[in-house]
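Thank you all for coming. I would like to take a few minutes to walk through one model, starting from its overall layout and ending at some individual residues.

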Amino acid sequence: MKKRKFLKISGIATAGAIASPLLFSSCKSDNKMSSGDKAQEVKQVTPFTLPELSFDYDSLEPHIDKMTMEIHHGKHHAGYVKKLNAAVADTDYEQLDIWKLMEEINEEETAVRNNGGGHFNHTIYWNSISDNSNMEDIHSDLKDAINSSFGSFKAFQKQFSEAAASQFGSGWAWLNMSTKKEKDLFISTTENQDNPAMKKIVDKSGIPILGIDVWEHAYYLNYENNRKDYISNFFKIINWDNVSSAFLC
Ligand code: MN
């Protein structure tokens, strides 16, 4: 048992954090997951780091092109991480893990709000996509929840896509659950780098389990102004395994 735990932790260390479970490991630990998962929680506190991706920059083509990925992850997300660390340094925010930080952010703290949201949101986004997307990976509990909340998967896809398409300017569309306990699903959008975990900022807060970035930098090189095509293709690269894990946490 001990050895197994060690292997798990060392595997995480050498693989470099897989982007995916970072934000959700705290949820998993509530369900008495192994110490390997707890090891990842360290990554949720300052100094925050840019999560490595579990896929190559070119592996999402043709749906998301390599250059977009290089710039998006390597420049945009890296920039948010760097600026977030600078913004929270020597403040009370520095003591908070990423989830608590989101909850505490208020409208006046612009640098923490924009860069904290930027880091959090992009981590969810990388968690949401995969070069090995498979609809069969949707956990039956999540499938049931989608059906009961939206009527059908198709109806969910339509509502999510319309929300993402109609978000004016830069922002995000999310699939959220109300709380870890209730797990009622709802779709919402946020502006700029806000997100549903920012309880002091959004009208309806929740736990985002799937997010699509609709800032132009997420799709413009490949799709130009065709945001709808980007959204439609996003459904071909969703990491249902990760989204299911987030839902079950
Ligand atoms: Mn982005």
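This is a predicted model: local features need pLDDT of at least 70, side-chain atom pairs count only at pLDDT 80 or more; totals for chains, interfaces and linings use all residues.

Residues are numbered from 1 along each chain as its sequence is written, and side-chain values use heavy atoms, with hydrogens and water left out.

The chain holds eleven helices and three strands, where helices (H or I, at least four residues) and strands (E, at least two) are DSSP runs numbered from the N terminus. Along the sequence the order is α-α-α-α-α-α-α-α-β-β-β-α-α-α. Of the 249 residues, 50% are buried, and here buried means under 20% relative accessible area, exposed over 50%, and partly exposed in between, with a 1.4 Å probe and protein chains only. Contact means heavy atoms within 4.5 Å, and among the contacts with a separation of 6 or more, 69% join residues 24 or more positions apart.

Turning to the metal, the manganese ion is coordinated by H72 (NE2), H122 (NE2), D213 (OD) and H217 (NE2), at 2.0 to 2.1 Å. Donors are N, O and S atoms within 2.8 Å of the metal (3.2 Å for Na, K and Ca), and since water is not among the atoms, sites may look incomplete. The spacing of these donors along the chain is H-x49-H-x90-D-x3-H. Because H72 sits in helix α4 (residues 66-88) and D213 in strand β3 (residues 207-213), this pair ties together parts that are 141 residues apart in sequence. Both residues are buried, H72 with a relative accessible area of 1% and D213 at 0%.

What is the angle at which α4 packs against helix α6 (residues 110-128)? The angle is about 140°, with the axes 8 Å apart; axes are lines fitted to C-alpha atoms, for helices over the stretch in contact, and angles run from 0 to 180 degrees between N-to-C directions. The two helices are therefore oblique to each other, given that angles under 35 degrees count as roughly parallel, over 145 as roughly antiparallel, 65 to 115 as roughly perpendicular and the rest as oblique. Residues of α4 in this contact include H72, H73 and H77, and those of α6 include H119 and H122.

A second pair, α7 (140-150) and helix α11 (residues 240-248), packs at about 80°, with axes 9 Å apart, and these two are therefore roughly perpendicular. D141, L142 and A145 of α7 meet W240, V243, S244, F247 and L248 of α11. Within α11, the residues W240, N242, V243, S244, A246 and F247 are buried, and their packing partners include α6, α8 (153-166) and β3.

Finally, two single positions. A218 is placed in the loop between β3 and α9 (220-223) and is buried, with a relative accessible area of 2%. Not counting residues up to four places away in sequence, A218 touches T68, H72, Y125, D213 and Y230, so that two of the manganese donors, H72 and D213, are among its contacts. S161, in helix α8, is buried at 18%, and, leaving aside neighbours within four places in sequence, S161 is in contact with I231 and F235.
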